[in-house]
Amino acid sequence: MPKVGVYVCYCGENIAGVVDCEEVRAFAEKLPGVTVARTNLFMCSDPGQEMIKEDIRKGLVDRVVVAACTPRTHEPIFRKALEDAGLNKYLIEMANIRDQDSWVHAFDKEGATKKAKQLVASAVAKVLYAEPLEEIEVGVNKTAMVIGGGVAGIFSSLELANMGYKVYLVEKEPSIGGVMAQLDKTFPTNDCSA
Amino acid sequence: MVQVSTNPNIELLTYSEVESVEGFVGNFKVKVRKKQTWVDWTKCTGCGECMEKCPVKVPNEFNAGLDHRPAIYIQFPQAVPKKAVIDIDNCINCAGRKFGTEPKISKRTGKPILAPCERACGTGAVNRSLNLDPNGEIVELDVGTIVVATGFKVMEKDWFKEYAPHHPDVMTALQFERLLSATGPTGGKLVRPSTNQKPKVISFISCVGSRDVRYHSYCSRVCCMYLIKQAKLIKSKYPDIEIYMHFMDVRTPGKDFDEYYTSAIEMGINIVRGKPGGIEVLPDGRLRVMAYDAGLGKNVEVHADMVILATAMEVPESAKKLASTLSLTIDASGFFKELHPKLKPVETAVEGIYLAGCCQGPKDIPDTVSQAKGAAAVAAVPLARGKVVIEPTISEVNQEKCSGCGLCVAVCPYNAISLELVNDRPRAKIAPTACKGCGVCTSTCPSEAIVLHGFTDKQIEAQVEALTMPV
């Protein structure tokens, strides 16, 4: 049977201002498969991550649920923590109790706490069946393309080219320059644009 | 601009458009159409002789329609590359010289009758006997990352009927920019287009189409500043011209920007808070600007010789087409959507494709350059690492269970699935590099032969069950 650790984040006031995180923790602790449930003011902080790593290293936990914010920005951080502690980094699930809960139900604390529990229960149920996965690495063609030859395209191309990469600069008009080339002088220095 | 053409690492493909993009970060295959220029660029020296001889006159896009250009033209004097193209839709085929036809022979001289552009060209870059493909040429390029920097366009003045848009002395700020420019239609001489006389009073109107629920709710971010710039340039050159600037409010949130604005006031430029309700053409051809001055708390009128409209920045149609070619998402204002407004401002939902400049939203040149350099740095990361990591949360076929029906092939939005023969029977196979892990094939497969790693049926069923339990 997998040993799931549930880590509920306060996110300062972002989550804890609405959701009763301690109640969620107590609920999570009783879920099947859960061996450890803890809270932290900021789970993504060093002490928060260290807490997770410590539990993995001690053998208390081999599956992780982080009930916090969005996986879009924070899943890579927690995956790294798993990896550092020697666990396959795909054995984690995030329950987004901030964007999908505390932020949208700010005026219904009781309902938000109930929803947080459901989201955590769902993540725990999913992580129980998680399998270790390995990333695939593929080679890269060391060439860039820039579409549009105005001031943005010109500067992107020059930087990439100066880094040593081949750049194809594609422009639909006969000349590069874009709208910038039409400008006489430019603020705030009143110098010319060409 | 010149730095671009002299940099050995940059290959310029102007007069070219992206037709299709396939593949994924690190390994994109891009088809680019090099449009037909009708002029041999290896021979064209950019001398401009052909432009002198071409009899056609079409509105000159570079001067925002204030003057005309011929059908064979070099876009503008400092063009890079400085090469001519023929605008074939407007070419009138002088001397019956359609492309791909032999010239008629003069009965009098016995010599071939060439079109004026051919005769003018000293290097043979224009040769209408050639049977050139009107569709140009398709080139296929392999690239690791793509930066999209397609920019913006300004709204036309015709939308704003209340501001007498048909009147030649009412112009967009971009037109006025061309009028002030040394390479513009008057060589930089400030005159009223209707009379060719120097104006005595000029009114500027900001937020035309921006911050206006009828058109665009957003602020175009550059108008306050460039209007002030134009006003200052005029005032320093012609101190006797009276200038009125009508602002809803003045937005100067950039380094040294507010100082720039303050100095305009010190120069004697009049700032009026309030958006004019309309413009009437007076019997003498001047313009009656009907405005409100929040400072005075009453209606005011300005009789102006010229009115400059700061029309909004918006997304050109061509960019919308490109968005669908690249599978980019568009936000409510029509601009390309970044992956995260604060933390991933140059990334897009498509890994390996990045944004720079006004295609992502209106911004000024300092911000554009910053973002462009940022986009270059982010776009260089996969190139520098030399490898990309593909998330393993993608689909895989269990060929033992697969019946070879091919339903998954049809539903896959990324063309990632193909049928291969295994022991003479067709079996589905998913290319891991093309699969995005959307799961459409998994839910379509009647044999339950496809597993989406990280989102197995078992996992999803367990989640649903957990969500429906009372807490």
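Predicted model: local features only at pLDDT ≥ 70, side-chain atom pairs only at ≥ 80, totals over all residues.
## A buried strand in chain A

In strand β3 of chain A, the residues Arg63(A), Val65(A) and Ala67(A) point one way while Val64(A), Val66(A) and Ala68(A) point the other way, and all of them are buried.

## The neighbours of β3(A)

Strand β1 of chain A, residues 4–9, runs parallel to β3(A) and is joined to it by five bridges. Within this pairing, Val8(A) has Ala67(A) as its bridge partner. A further parallel pairing, again over five bridges, links β3(A) with strand β4 of chain A, residues 92–96, and here Ala67(A) stands opposite Ala95(A).

## Two domains in chain A

Chain A is divided into domain 1, covering residues 4–127, and domain 2, covering residues 143–192. The centres of these two domains, taken over C-alpha atoms, are separated by 45 Å.

## Where chain A meets chain B

The contact between the chains takes 67 residues from chain A and 90 residues from chain B. On the side of chain A that touches chain B, the elements giving two or more residues include α5 (109–127), β6 (143–147) and α6 (151–162) of chain A, and the largest share, eleven residues, comes from α6(A). Sorted by class, this side of chain A has 35 nonpolar, 18 polar and 14 charged residues.

Strand pairing also crosses from one chain to the other, as β6(A) runs parallel to strand β9 of chain B, residues 145–148, and is joined to it by four bridges. In this pairing, Val146(A) stands opposite Val147(B).

## A residue in a loop of chain B

Phe99(B) is placed in the loop between β7 (85–86) and α3 (116–120) of chain B. Why does Phe99(B) count as partly exposed? A residue is buried if 20 or more other C-beta atoms lie within 10 Å of its own, and exposed if 12 or fewer do; Phe99(B) has 19 such atoms within 10 Å, and is therefore partly exposed.

Leaving aside residues up to four places away in sequence, Phe99(B) touches Trp38(B), Arg128(B), Leu130(B), Asn131(B) and Leu132(B). Phe99(B) and Trp38(B) are 61 residues apart in sequence, yet in space they are 8.4 Å apart, C-alpha to C-alpha.

Methods: Residues numbered from 1 in each chain as written. Chains lettered and ligands numbered in written order. Domains from an automatic or database assignment. Contact = placed C-beta atoms within 7 Å. Nonpolar A, V, L, I, M, F, W, Y, C, P; charged D, E, K, R; others polar. Pairing = 2+ DSSP bridges.
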